[in-house]
Amino acid sequence: MRSAFTVITPAADPSLLTIEQLRAAAGLLAGDASRDPQLTELGARVSADIATACQIRGDGVHVPTLRSETVREVFRQRGCDDILFLARRFISNLVSVSDADTVLVPDDTDLDAEAGLLQRISGTRTLIWGRGNAIVEYTAGFATVPADLVGAAMDLARLRLSADARDPLVKGESVEIPDVRTVRQDYWVGAVPGSAAGPVPADILAKLSRYLNVAVA
């Protein structure tokens, strides 16, 4: 079930990590601002890669993020669906809902905020969404980033910092001292063992399992 998706109020900062957390990931003291431009750019890349791995939907204008944003979705309904699968999860505020030009009140809907599932109800009965446009405006994502999400982002930041400091194609290195210093490097041929095809390695992706979206046709 596809929808027209628009970000109404984008996140003030889409990054999952503060500059202090990025400094810690780089092994710097909390007040050491010497690498802040590099770390800020790293934080943006890490957050964007996690959003991509989690399949966070964007509107083509704003950077997809797990941070709190207000969005609007318009579903073209055929009068046969009883659940709307919202594009964003972890919903903190259901701003407004209309069904085929009828504005609904809170008692007319049932929301699973973490899963992003919205039903129209009447008392204890579940209703079918009417034929026409169902329009939902809501706030989803995190104002305060959960500790496990911070941890996964920190792990990815450390991994990126480590990769930037060495050649990932080097398999091994040996140094001979005797008369003149000799350095020998062996390189991987083909795929590097342990490398990931996607933006986030499998071990870190496993830590993000709670935040992964599942594509719905």
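Let me start with a term: a residue is buried under 20% relative accessible area, exposed over 50%, and partly exposed in between, using a 1.4 Å probe and protein chains only. Cys80, at 46%, is therefore partly exposed. Cys54 has 0% relative accessibility, so Cys54 counts as buried.

A word on the source. This is a predicted model, where local features need pLDDT of at least 70, side-chain atom pairs count only at pLDDT 80 or more, and totals for chains, interfaces and linings use all residues. Residues are numbered from 1 along each chain as its sequence is written, and side-chain values use heavy atoms, with hydrogens and water left out.

Now the whole chain. The chain has 217 residues, and 35% of them are buried.

Next, one hairpin. Strands β6, residues 109–112, and β7, residues 117–122, run antiparallel and are joined by four bridges. Strands pair if DSSP finds at least two bridges between them. Thr109 sits opposite Arg120 in β7. Four residues lie between β6 and β7, and Gly116 in that turn has a positive phi of about 75 degrees.

Last, disulfides. The rule asks for a pair of cysteine sulfur atoms within 2.5 Å. By that rule, the count is zero.

Methods
Helix = DSSP H or I, 4+ residues; strand = E, 2+ residues; numbered from the N terminus.
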